[in-house]
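This report is meant for someone who is meeting this structure for the first time.

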Amino acid sequence: MAITKETIEDKIEVVGDFKHIQVRTATVIKEDGKEISRSFHRHVVSPDSDSSNESADVKTMVAQFHTNEIKTAWAKHQKEQEL
């Protein structure tokens, strides 16, 4: 009877005007190759986030969607919220 644990990024999506990247990670527990449990964790990568510890897939999306234009608009929006 072998129990294994696997962690996979099973959903990556871009949402909103500022192109926030939502990442869902699934933790799958299997016994003898048959899934017995699955749980999820989500986190968001904002245009001003440090993405250096993200997966290659997320880094690719950051490079594509977090352009200088988006980063500038996000910084402006953040500053306006402080007022």
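Arg24 is found in strand 2, where strands (E, at least two residues) and helices (H or I, at least four residues) are DSSP runs that are numbered from the N terminus. The model is a predicted one, in which local features need pLDDT of at least 70 and side-chain atom pairs count only at pLDDT 80 or more, while totals for chains, interfaces and linings use all residues. Residues are numbered from 1 along each chain as its sequence is written, and side-chain values use heavy atoms, with hydrogens and water left out.

Is Arg24 buried or exposed? Arg24 counts as buried because its relative accessibility is 17%, given that buried means under 20% relative accessible area, exposed means over 50%, and partly exposed lies in between (1.4 Å probe, protein chains only). Leaving aside residues up to four places away in sequence, Arg24 touches Ile8, Glu9, Asp10, Lys11, Phe40, His41 and Arg42, a contact being heavy atoms within 4.5 Å.

Strand 1 (residues 3–15) and strand 2 (residues 20–31) run antiparallel and are joined by 12 bridges; two strands are said to pair if DSSP finds at least two bridges between them. Within this pairing, Glu13 stands opposite Gln22 of strand 2. The two strands form a hairpin with 4 residues between them, and in its turn Gly16 has a positive phi of about 80°.

Strand 2 also pairs with strand 3 (residues 34–45), again in the antiparallel sense, over 11 bridges. Here the bridge partner of Ala26 is Phe40, which belongs to strand 3. These strands form a hairpin as well, with 2 residues between them, and Asp32 in the turn has a positive phi of about 55°. As a general point, the side chains in a regular strand alternate between the two faces of the sheet.

## Charged pairs

Side chains of opposite charge can pair when their charged atoms come close. With a salt bridge taken as a side-chain nitrogen of Lys or Arg within 4 Å of a carboxyl oxygen of Asp or Glu, the count comes to 4 salt bridges. One of them joins the side chains of Lys30 and Glu6, at 3.9 Å from N to O. This pair links distant parts of the chain, since Lys30 lies in strand 2 and Glu6 in strand 1, 24 residues apart. Lys30 counts as partly exposed because its relative accessibility is 26%, and Glu6, at 36%, counts as partly exposed too.

Another salt bridge brings the report back to Arg24, which pairs with Asp10, the closest N and O atoms being 2.7 Å apart. This pair likewise links distant parts of the chain, with Arg24 in strand 2 and Asp10 in strand 1, 14 residues apart. Whereas Arg24 is buried at 17% relative accessibility, Asp10 counts as partly exposed at 29%. A further salt bridge is formed by Arg38 and Glu35, whose closest N and O atoms are 2.9 Å apart. Arg38 is partly exposed, with a relative accessible area of 38%, and Glu35 is partly exposed with 39%.

## The chain as a whole

The chain has 2 helices and 3 strands, and from the N terminus on its elements run β-β-β-α-α. The chain is more spread out than a compact globule, because its radius of gyration is 17 Å, well over the 12 Å that the globule rule gives for 83 residues. That radius is taken over C-alpha atoms, and the globule rule is 2.2 Å times the number of residues to the power 0.38. Along its principal axes, the C-alpha trace spans about 60 × 25 × 20 Å.

Of the 83 residues in the chain, 23% count as buried. Among the contacts with a separation of 6 or more, 41% are accounted for by residues 24 or more positions apart.
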